[in-house]
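Hi everyone, thanks for making time.

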Amino acid sequence: MVDLSVDLGFLKLKNPVLAASGTFGYGLEFKPFYDLELLGGFVVKGLYYNAKEGNRPPRLVETASGLINSIGLQGVGIEAFCEEVLPELAGLKTAVIVNVCGEDEDEYARVAEYLSRHKGIAALELNISCPNIREGGRCPAQDPESTFRTVKKVKQACSFPVITKLSPNVTDITEIALAAENAGSQAISLVNTILAMAVDLETRKPKLGNILGGLSGPAIKPIALRMVFQVAGAVKIPVVGMGGIFTAEDALEFMMVGASAVQVGTANFIDPDACLRIIQGMEKWAENHGIFRISRVIGSLKV
Amino acid sequence: MVIDRKARIKKTESWGEYFLFRVESPEVARTSEPGQFLMVKVSEITSPLLRRPLSIHNRDGKEVEIFFQIAGEGTSLLAAKKAGESLDILGPLGRGFSVKNELKGKEVFCVGGGRGIAPVYFLAKELDTLRAKPVVFYGGRSSTDLPLKSRFEEAGWEVKVSTDDGSLGFSGLVTSLVERELKLRQPAFLFACGPEAMMEKLSEICLKKNIPAEFSLEAIMGCGLGACWGCVRPIRRDGEVEYIKICQDGPVFLRDEIIWAGE
């Protein structure tokens, strides 16, 4: 038996695998495929205060081992979420993490404050890194000061543990991670998608209605791994790694470079049971390597 | 809905760029309804990355059939699979055609254009079981685009074909063939699947003639499950237009819910 649990300090997970926001709906979509309680946890789709329309279609383009999306955080808003969805999630014995969005710093705080009146939420993940909302793919996570202010406001508005989700579309990701840590974030998750585009040669048009989108999938894994390595070396708080994780080996590599837990995203689209298969694969790998605590893998990279 | 990673391909048939696969998958077959679709894995590696949404063409005991046209890299890879190999399929997914009891004894127009004929077979079969009278309209660019003509005829349904180039059946668009037929009779319902322009024209015709209709829409899909919100298009619901997921709320929508390109 391998002990798969990992401790983020503010949150103990039964295993290191979380389903990533934006790829797992509100969780319930995946109930037909496996028991959600087998997950370390899952992060529900990003929520604004009000329902959000999202971007003009087409919203998806497949690229070499990757997927560019420009969904634009379409969603139901927190009221509908708390009334219609959360009651079905609240009883689950797994970490339910809510991804929080905002048009401005105050909206993040208002969403956090609203959610704090409800039970069943283990932590918030601050989505300050979606590339599909503002023109040119800009987001708060591209600026240390706006990262600091947003995290600070949310911390003041609620008592939830806060995980700040960072963007790879920056020059030095460690300075953003440090800004989040200094503002009181209890963990960092990274990376969100990489700003990208695709062109239809014949029509001379962008393939996405929004022109730009965010690239995910195996294509981005080496970049994500590098950034998780850099951030894990820079901050003292735990790091949750993601970006193109499709196999248990991918997940273990992220842990090896310093991630305490991982998120599985795009893989859920292709195999709805991807998270489960990754958890099982990690256990098998650990057994084969005589490792009885998966947490021993965290930061075990030999350099 | 289930993931069946070992759905065995029992038989493959092909006509140029069109393919018909018969696949054994008892649970998928048992729960399928006409108009629903499968997400089919086309590659064991990560490129192409996504599954391909394909309509369920037929259900027969423990088997389902898919009919598809090579449209790109994914469907090319799928077309290369042979009988005896297994397929990784996810389904049945989505909301299909409303095959309702009140259609019993009545004529129902079922229109398929090109590869859009795929769900029409299962639909006509269900209508037949209900003892409605399916009238199948099958349109294509040329005679080689109508490989399933004899299959529909063998089922004993009334089948009307059209080709844009006049090489087989009515010469012209399938929508003109439908219009011609509407001068003679009024169906209780019209179902259609095919190119957008075809469906848009049919939608206009149905509005004018006051025929209730449903259309099956095609979309690039990320997951097929309603989790990614990638396949949305503007749909009219309760007087309001919003981005609705084709995979989960569709792929079949009522005529007046759909907003066409020309609107």
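So, start with H3(A) and H4(A): A:Pro144, A:Thr147, A:Phe148 and A:Val151 on H3(A) meet A:Glu175, A:Ile176, A:Ala179, A:Ala180 and A:Asn182 on H4(A). Contact here means C-beta atoms, placed from the backbone, within 7 Å, and helices (H or I, at least four residues) and strands (E, at least two) are DSSP runs, numbered from the N terminus. By class, that contact has 6 nonpolar, 2 polar and 1 charged residues. Nonpolar is Ala, Val, Leu, Ile, Met, Phe, Trp, Tyr, Cys and Pro, charged is Asp, Glu, Lys and Arg, and the others, Gly among them, are polar.

This is a predicted model, where local features need pLDDT of at least 70, side-chain atom pairs count only at pLDDT 80 or more, and totals for chains, interfaces and linings use all residues. Residues are numbered from 1 along each chain as its sequence is written, with chains lettered from A and ligands numbered from 1 in the order written.

How do the axes of those helices cross? They come within 8 Å and cross at roughly 25 degrees; axes are lines fitted to C-alpha atoms, for helices over the stretch in contact, with angles from 0 to 180 degrees between N-to-C directions. H3(A) and H4(A) are therefore roughly parallel, the word for angles under 35 degrees.

Now chain B. Its domain assignment gives domain 1 (2–93) and domain 2 (101–216), with bounds from an automatic or database assignment. In chain B, 13 residues of domain 1 are in contact with 13 of domain 2. On the domain 1 side, S4(B) gives the largest share, 5 residues.

Key:
Two residues are in contact if their C-beta atoms, placed from the backbone, lie within 7 Å. Angles under 35 degrees count as roughly parallel, over 145 as roughly antiparallel, 65 to 115 as roughly perpendicular and the rest as oblique.
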